[in-house]
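Please read them alongside the sequence and coordinates.

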Amino acid sequence: MLSFFRRLINSKVGVIVTFVVLGIIALAFAAGDVTGLRQGGGSVLGSNVGTVGKVAVGDAEVKQRATSEMEAYRQQQPTLDMAQYIAGGGVDATVERIMSGLALQQFGASQGLVVSKRLIDGQLASIPGLQGVDGKFDQKIYERLLAERRLTDAGIRADIANSTMAGFLIAPTSGASQVPQSLALPYASLLLEKREGQIGFIPTKAMNAGAAPTDAELQGWYKGHLALYTTPERRIIRYAVVTPDQVKASATPSAAEIAAAYNADKAKYSATEKRAVTQVTVLDQNAANQLAAKVKGGASLADAAKAAGLEARTVTLDRAAYAQQASADLASAFFGAAKGALVGPVKGTIGFVVARVDSIEQVAGKSLAEATPEITKALTEQKTVAALGKIHDALDDSIANNSNFGELVNDQKLSAQATAPLTAGGVNPEDAASKPDAKLAPVVQAAFQAEEGDQPQLVQLGQDGSFAVVALDRIVRAAPRPLAQVRDAVARDFTIDRARKAARQVAVDVLAKVNKGTALAEALSSTKPGLPAPQPLASSRAQLAANPQGAPPALALLFSMANGTAKMLEAPQQGGWFVIKLNKIIPGDATKQPGVVAATRTDLGRVVGREYVEQFTNAVKRAVGVKKNAAEIAKVKADLSGQSGSAQP
């Protein structure tokens, strides 16, 4: 979970979010939550987390922005809560974003840059959540959102002006991508560096498990590791599904409807003639005459066209379709000729056409009885879409009029259902046999994006037009399970941890011997007989960089060590400890490998713009003057953590 935040905050997306606050504004509007927008300066009643120039940044603003951004990130990580967001550095990043944006805005203003009203209007109009069904900016939607979120037009416009000002300043810098060869060469040589060493393993399973844990030990372990035994947040969801089967009776066409459809499209079912025609269009009549003469002289139409720099194409159509696509005169000429005949030049809508009739196919007509299956299928699909759409529109209108879930279900005579308390993965942790239902995945996802008291939602379920009315019934907050229920798991985890600590002590002893000059194999066998023999470890930096899954931890550590030293590394899943010894470093030299240098220049060029932006922003903050109040930021984190309490209702 924490790695998700670190990746997001330090990713290219994170950099963009850091400096282009407009993206957050657009997302907030689209998600129906714009509570994170800046509404003014420092706190009137609260405290300030810092200052940017002469502008104070209030704790209330940071709390609002952090909450809004956390909810936005929850769209990608539904199980996220505020405690995890804070632990992952989310609040610190929020403070940094606010202060960086204000510093850039003040610096830009001091340099005479101005954001026009017309530009702000354009930014507002481009936000999808503010657009009506016609795709244009809807003032009523905008005003409703402002009222719902207790925001002001002036505050929104100020945010957009600030973010646009930041864009003015950083856009030229972020686009930088040129890196000189002299800078790329040492990095390229570093990629070619090779290292050789050894790795020893001290397994947890090789340790003595010890006596059974006492009640006091279990209590202590349980209290110290509550997160391991905490049931994640769950949600009870009420929903009703609408499927094509439910409207099947009204979607079945009658005999009269089938006959009417047949008569309305009688030409489609009449006997017809289709012709395959190879044709060439020539702009000049003389050139068209010359082309026709060559074909009459024995050349194929395709070869003659190619020699003239033209291209022949073949179409297969009936007369009516050809007349619609080309012209009635061309259709008359081609459908009046015999098979194999050369026709033209005939004047077309553009230029002159020379063509050959390749084949003639007589297509038999269809009687009403023969066409009935085809018409029935088409009408059924049309009527099903219309019937589902009618129900969908009625539900949508009722939701807009504040109808609750029960009223929606009763009005449309739907069958209401309720889930057990489910996690974001769609599983009931209280039921060992519970498995996610793929059909309910959109319902669960929608429920985890809602809050208690929100209006019901309409959620698409499949390509057949089925959908569901979804309402969040209740949130069951994350809470630790009682010790009595998880006693066996606690005992197992305590015992494994005790063995893990014993294995760590063995690793510490082995490490000390190796760093004093003892060979790794000897250190392992003398410290605890029966341990696995060490294995060779070797790689180059280029091999690590090329691994799409990232460098294995042991190799990554090997490339962070001084030559001749040893270090410890814990194995995954408490499996034991590694002792890694670096025996040899073989420096790389890219002076004779221009391809590697060129590739390194390209790779550095992808990130150098971000580095310049960061350095530029830091310089702006120093020039403007940015101060942080660490104590108040810590208090904000504590307050926000209290908002995401784990008490189970």
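**Notes on the predicted model**

1. Lysine 621 is buried, since its relative accessible area is 11% and the cut-off for burial is under 20%. The model in which this residue is placed is a predicted one. Lysine 621 belongs to helix 26. Once neighbours within four places in sequence are set aside, the contacts of lysine 621 are Glu96, Ser100, Ala103 and Val626.

2. The largest nonpolar core comprises 26 residues. Within this core, the most contacts are made by Val49, Val57, Val62, Tyr85, Val91 and Leu640. Two or more residues each come from strand 1 (48–52), helix 4 (59–73), helix 5 (82–87), helix 6 (90–110), helix 9 (153–174), helix 26 (594–624) and helix 27 (630–643). Helix 6 contributes the most, giving seven residues. Another core, of 17 residues, lies apart from the largest one and includes Val510, Leu511, Val514 and Val579.

3. How are helix 22 and helix 23 packed? Helix 22 (residues 483–515) and helix 23 (residues 520–527) meet at an angle of about 140°, and their axes are 9 Å apart. Angles over 145 degrees would count as roughly antiparallel; the two helices are therefore oblique to each other. The crossing of helix 22 past helix 23 is right-handed.

4. On the side of helix 22, the contact with helix 23 is formed by Val506, Asp509, Val510, Lys513 and Val514. Helix 23 supplies Leu520, Ala523, Leu524, Ser526 and Thr527. Sorted by class, the contact of these helices has six nonpolar, two polar and two charged residues.

5. Two residues deserve attention for their backbone angles. Most residues other than glycine have a negative phi. Asparagine 402, however, has a positive phi, near 70°. Asparagine 402 is located in the loop between helix 19 (368–400) and helix 20 (405–412). With a relative accessible area of 59%, asparagine 402 is exposed.

6. Glutamine 574 likewise has a positive phi, of about 55°, although it is not a glycine. The loop that holds glutamine 574 runs between strand 15 (566–570) and strand 16 (576–586). Glutamine 574 is partly exposed, because its relative accessible area is 34%.

Conventions: Residues are numbered from 1 along each chain as its sequence is written. This is a predicted model: local features need pLDDT of at least 70, side-chain atom pairs count only at pLDDT 80 or more; totals for chains, interfaces and linings use all residues. Side-chain values use heavy atoms; hydrogens and water are left out. Axes are lines fitted to C-alpha atoms, for helices over the stretch in contact, and angles run from 0 to 180 degrees between N-to-C directions. Helices (H or I, at least four residues) and strands (E, at least two) are DSSP runs, numbered from the N terminus. Angles under 35 degrees count as roughly parallel, over 145 as roughly antiparallel, 65 to 115 as roughly perpendicular and the rest as oblique. A crossing is left-handed if the near helix is turned anticlockwise from the far one by less than a right angle, and right-handed if clockwise. Contact means heavy atoms within 4.5 Å. Ala, Val, Leu, Ile, Met, Phe, Trp, Tyr, Cys and Pro count as nonpolar, Asp, Glu, Lys and Arg as charged, and the others, Gly among them, as polar. A nonpolar core is a set of buried Ala, Val, Leu, Ile, Met, Phe, Trp, Tyr and Cys residues joined through side-chain atoms within 4.5 Å. Buried means under 20% relative accessible area, exposed over 50%, partly exposed in between (1.4 Å probe, protein chains only).
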